[in-house]
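Let's walk through this model together, moving from its overall layout down to a few backbone details. Please keep the structure open as you read.

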Amino acid sequence: MAATDTIGVGFIGAGDISILHAKAVRKLPGAKLVGLWNRSQDRAKQRAGEFGCQNYATPEALVADPNIHAVLVLTNLESHLEYTKLALNAGKHVLVEKPVGVSVAEIEEMKKLADAKKLVCMPGHNYIYEAGMNRSKELIVDGDLGKLVSAYAMYNIHHPEEVASRYPGVVRQILTHNSYILLYLMGKPKRLCAMKACLHYKEYKEEDIAMVQLEMENGALAHLCASFAADDHAADPWTVMVKVIGTAGSTRYSYRDHVEIKPGLVHSQTYTAYAGSIMNEVKYFVENCIGRGQAPLSTMADAITAQKMIEACGKSIREGCVVTL
Ligand SMILES: NC(=O)c1ccc[n+]([C@@H]2O[C@H](COP(=O)([O-])OP(=O)(O)OC[C@H]3O[C@@H](n4cnc5c(N)ncnc54)[C@H](O)[C@@H]3O)[C@@H](O)[C@H]2O)c1
C-alpha cells in the first residue's frame, strides 16, 4: 500500500481506551475509522454513534470488510490473541493493546503469524512514542550521556477499585509500560527482584502497587514503580516520570509537563501526554509501519522480552528471590 493511500481502520473492542484511539485516527489525514465491533451491543451502538463509524454485528464481519486495512485490538488482555489472529488471518495489519498477550507463548504465536503473513503487528507500547522519550534515546545511542548509571520509570496514578478490577493487577497492567520503556532506553536486564502490596481495595484481591529493582546487561541499575494506590500530589510529582542518569548527562520525561484541570478518563486530571502518546503511536503505525514498511519503535520481540520481565517479577514476588533472565 502506498504511503499516500487512506488506511481504513477498524476497532475490535470499544471500551475506555477506544476513545483515545478514535481521537488519534480522527487527527490523522491518512487514516479513517471505518467501523467497530464490541461484545456488548449497547456500548457498540453508543461508541459508533460518537465516533461516526459503522457498527459491525460480528468481529468476522469487521475483518471481512475490504475497506478496512488495519485493525486495532482494544479488548481485554485475555482476548488479544483471538482477535489478533482473526485480523491477521484476514490479511489486516494489527495494532494490539498492551499487555500484548497473557503469556510469552501467546505473543510468540502472534509474531510468528504476522511474520508469515508479512503484515505489521505492532504492540500498543504508546509511552515511548513521545518526543521527550525519543530525544532521550537519541542521546543514549549517540553516547552523549556517557556511561549509563541508572534509570527510573515511575507510575503513581490512583485508580478506583471498580476501574482497577477490570484489569489484571499493576504488575501486568502497568509494569508492562515500565518494562518496554526500560528496554527501549537501556536495553535488556540481566536480573531483577520485585515486591507488591494491596493497600486500598476493599474486595478486589490483586496488587495496587509493585516495585522492581533491576541489574541491566550494560551494568547500570534500574528501578520501576507501578501504583494504582495513590496519586503523587507533592512538588514535581512522580505521576509518570522516567529518568536516565549517565556520567555525562541525564534526561527526564514527565506526565506533569502538561496538565489540564479536568478528569481524563479514569485519571483525576488530564495528563495531556497520555492521549498524545496514543496519537503519536497510531500515527507511527499508519505512516511509518504500514506506509513505509518500518519496524515499530518497540517490536513484538520487545513485547516478548517485556512479558519475560513481567513473568520474572511474578516469580520473584512468589518466591522472594532474585530472578535471572
Ligand atoms: N496503552 C494504555 O495506556 C492503556 C490504558 C488503558 C487500557 N489499555 C489496554 O486497552 C485494553 C482495553 O482497556 P479499556 O481500558 O478500554 O477497558 P474497558 O474495560 O473499558 O473495555 C474493554 C472492552 O473489551 C471488551 N471485552 C472484554 N472481554 C472481551 C472478550 N473476551 N471478548 C470480546 N470483548 C471483550 C469489553 O466489552 C469492553 O468493551 C486492555 O488491553 C488494556 O490493558 C491500555
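How many residues of domain 1 are in contact with how many residues of domain 2? Before the answer, a word on what you are looking at. This is a predicted model, in which local features need pLDDT of at least 70, side-chain atom pairs count only at pLDDT 80 or more, and totals for chains, interfaces and linings use all residues. Residues are numbered from 1 along each chain as its sequence is written.

The domain assignment divides the protein chain into domain 1 (7-124) and domain 2 (128-278 + 307-324); such bounds come from an automatic or database domain assignment. Taken over C-alpha atoms, the centres of domain 1 and domain 2 are 26 Å apart. To answer the question, 13 residues of domain 1 are in contact with 11 residues of domain 2, where contact means that C-beta atoms, placed from the backbone, lie within 7 Å. On the domain 1 side, H1 and helix H5 (104-117) each supply at least two residues, and the largest share, 6 residues, comes from H1. By class, this side of domain 1 has 7 nonpolar, 3 polar and 3 charged residues. Here Ala, Val, Leu, Ile, Met, Phe, Trp, Tyr, Cys and Pro count as nonpolar, Asp, Glu, Lys and Arg as charged, and the others, Gly among them, as polar.

Let's stay with H1, which covers residues 16-26. Helices (H or I, at least four residues) and strands (E, at least two) are DSSP runs, numbered from the N terminus. Ser18, Leu20, His21, Ala22, Ala24 and Val25 of H1 are buried. A residue is buried if 20 or more other C-beta atoms lie within 10 Å of its own, exposed if 12 or fewer, and partly exposed in between, with C-beta atoms placed from the backbone. The buried residues of H1 pack against several elements, including strand E1 (7-12), strand E2 (31-37) and helix H10 (272-292).

Now turn to the ligand. It is surrounded by 22 residues, the closest being Gly15, Ile17, Asn76, Ser79 and Glu97; a residue counts as near if its C-beta atom, placed from the backbone, lies within 6 Å. This shell has 5 nonpolar, 10 polar and 7 charged residues, and at least three of its residues come from each of domain 1 and domain 2.

What about the interior? The largest nonpolar core has 98 residues, and Leu175 and Cys313 have the most contacts inside it. Such a core is a set of buried Ala, Val, Leu, Ile, Met, Phe, Trp, Tyr and Cys residues joined through C-beta atoms within 7 Å. H10 gives the largest share of this core, 9 residues. Because domain 1 and domain 2 both give residues to this core, it lies between them. Not counting residues up to four places away in sequence, Leu175 touches residues that include Val170, Leu224, Ile310 and Cys313. Ile310 and Cys313 are among the buried residues of H11, and H11 (residues 300-319) is followed by Gly320, whose phi is positive, near 65°.

Finally, some backbone details. Lys98 and Pro99 are joined by a cis peptide bond with omega about -15°, and Pro99 sits in the loop between strand E5 (93-97) and H5. Asp236, although not a glycine, has a positive phi of about 50°. Asp236 counts as exposed because it has 10 C-beta neighbours inside 10 Å.

Technical notes:
Expected span 1.5 Å × (residues − 1). Contact = placed C-beta atoms within 7 Å.
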